[in-house]
Amino acid sequence: MQFQEWLRSLRSGAGVWLPDVEELRRLLPSLSPSSLLGLGALASLTAYWLATRPRPIRPPCDLHAQSVPVQGDPSCRRSALLQDEMLLEFYYEDTRTAYEMFQRGLRVSGDGPCLGFRKPSEPYKWISYREVCEQAQALGSGLLARGCQPNPQQFIGIFAQNRPEWVIAELACYSFSMAVVPLYDTLGQEAMVHILNIAEITMVICDKPEKAESLLSHKEQTLAPLLGSIVLMTPCSAALLERAKKCGIEILQFSELMELGRQNLREPVPPKPEDLAVVCFTSGTTGKPKGAMITHGNIASNTSSVIKILEGSFVIRQEDISISYLPLAHMFERMIQVSMFCHGARVGFYQGDLSLLMDDIKTLRPTFFPVVPRLLNRIYDKILASVSSPLKRALLHYAVRRKQAELSSGVVRNNSVWDRLIFNKIQASLGGNLRFILTASAPISPTVLSFLRATLGCLIFEGYGQTECTAGCTFSMPGDWTAGHVGAPLPCAMVKVTDIPEMSYYSHNGEGEICIKGHSVFRGYLRDHERTAEALDPEGWLHTGDVGKWLPNGALQIIDRKKHIFKLSQGEYIAPEKIENVYIRSAPVLQVFVHGDSLQSHLVGIVVPDPEVFTDWAKERGIVGSYEELCRNPDVKKAVLEDMTVIGKEAGLKSFEQVKDLYLHPEMFSVSNGLLTPTLKTRRVDIRRAFQEQIRQLYAKTAV
């Protein structure tokens, strides 16, 4: 009877014809012993294949209807995972604040490892959840002993690179309902002084004496009169202590403040969901930084929404490890960490030097990897550049197509024959353990995303959002491995598109400015009612400045940018960031800035060639020289412009959207030279100012 049931299930599971039991009884006497053995072996192999064959990820909803209209309005949509129009506030009953999320991690981890760090050429060392919690309570008690108040109006500055003490300082604040104000050294003096004063910061926790020195200079110039204490994570000189004393600032060691707290230990004063957790100052591309006020409820709802989307298809485990290298001063990295802590997982910090990041990854062997598209573009370019011969290149692309065929049926794995033969070295270069990659902060090329989903053999999700909605508002749906969109709305928020008549985008066509409303939307900008009113309308909708389009499956596609649009002299509207995202796929182009204004009839560009491929690319076209020489060569410039124009045409750029001339610049736009924000967005005003002479010359040459 059991054999009969097994045969029936085998026949239905395989989807092919198999004989029934009666037919087998008639057939078996006529078979030889060797034939019977062969039949048994075939049956065993078939059963083994059915038991071990790769299974597709089960989507949490119908992938053809990932979002549903709100109150019958197709331009306004919510997640299909919700039973009704009640948006998600929290996933677990006991995780309504960032503080409670860490406490949950402490319970479920069984006091497992929490924060990892390393010195050069050494393995990672780990601080346990209980140690982190105890140190945070001691540090928070030390802050109270120094006069800080246990309420959300008490702002504590953190001015440091990613490291365990950053998280301990943050948790210390949350343990006593204080709010964190992250600072970073690329802000510049004017922006830093603005933040210190508008947030009325009296105490800043720093990692290095150099940062303390920059704060002292503000105090000495009477630019930051309220600053009274600096806490240093590393030792400093007696001269620095004396300098601080002269201008009325006391410098304490991190360990000293913690010891003071142990001597005056206080019971935690946990925050409420509506309490302020962090004031995240967005550097922006113009003007003074704006302090986005993010509450604990914002953080809990955003994190819970990702957990909700992943339930049933992916669970964060205690043995999971995330590599922390993206700035903790911004919400993307922080939300990744909160998600890890909530599940008792681990976070390992890079050494603080991006040139050593790959060594840190190989040593840590992370399972989680938060990335920005620029990094994925570099990985993609390096993989292609490493394949030299036409035969190897053909084999690589064939293997990618086979893996992409599996992806289209919902199968994600890293143990196929193609992984073993072709992709294992690529996967090993990222530690060999990756289960989950999340890319956000900027658009990514569909070609790059599809290629890496095949080669890396792990789940790669794409999200979209901004600081003002606590990092994310849309997220890829598990099982949907198509590219070219940013997923459906998170369960914590509604997303709608509104008319932009001047750009011919209308909500009745499913296109327009992306607006967000829900539990993850920020409270407003700190002490800045005017800019708060610009971002939040009277009904509570956050206006992002991005232009989106609803796809038939309910996912959102980013198609344009409203904020930086300008008119050419003939009246055509230009969205430069859309054009830049097209040109960046040109092989020799690493970075590009598109410029135009209402006095000119065409566009020009500033291009930074990719130093890793530029010389070889030029050599293939018969032009030889150093990187700097090639940047000055008019024939090379012409070839780059032609390549960009072809890429633009393929992407559907109109003639007036194509640059007509360009300048090749041999130095990268970077945070250190002030041409990128800390989140690697282009500082458009600063680039325009830095290259105003080159832009003037380009227009002089192309004047009609």
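1. Domain bounds here come from an automatic or database domain assignment. Keep in mind, too, that the model is predicted.

2. Which domains line the second largest pocket? Domain 1 (67-87 + 342-561) and domain 2 (98-313) each give at least three residues to its lining. The volume of this pocket is about 440 Å³.

3. In total, 20 residues line the second largest pocket. Nearest its centre lie Phe117, Asn162, Arg163, Pro164 and Glu165. By class, the lining holds eight nonpolar, six polar and six charged residues.

4. Two helices each supply at least two residues of that lining: helix 6 (164-175) and helix 10 (254-263). Helix 6 provides the largest share, with three residues.

5. Now the helix pair. Two packed helices are described by the angle between their axes and the distance between the axes. For helix 4 (residues 98-109) and helix 11 (residues 296-310), the axes come within 8 Å and cross at roughly 50 degrees. Helix 4 is therefore oblique to helix 11. The cut-offs behind that word: under 35 degrees counts as roughly parallel, and 65 to 115 as roughly perpendicular.

6. Which residues make the contact between helix 4 and helix 11? From helix 4 come Ala98, Tyr99 and Met101. They meet His296, Ile299, Ala300, Thr303 and Ser304 in helix 11. Five residues of this contact are nonpolar and three are polar, with no charged residue.

Key. Residues numbered from 1 in each chain as written. Predicted model: local features only at pLDDT ≥ 70, side-chain atom pairs only at ≥ 80, totals over all residues. Heavy atoms only, no water. 1 Å grid on protein atoms, 1.4 Å probe; cavity = no way out; pocket = protein on both sides within 12 Å on 5 of 7 lines; lining within 4 Å. Points joined across faces, edges and corners; volume = space filled by probe spheres on them. Helix = DSSP H or I, 4+ residues; strand = E, 2+ residues; numbered from the N terminus. Nonpolar A, V, L, I, M, F, W, Y, C, P; charged D, E, K, R; others polar. Axes fitted to C-alpha atoms, helices over the stretch in contact; angles between N-to-C directions. Parallel < 35°, antiparallel > 145°, perpendicular 65-115°, else oblique. Contact = heavy atoms within 4.5 Å.
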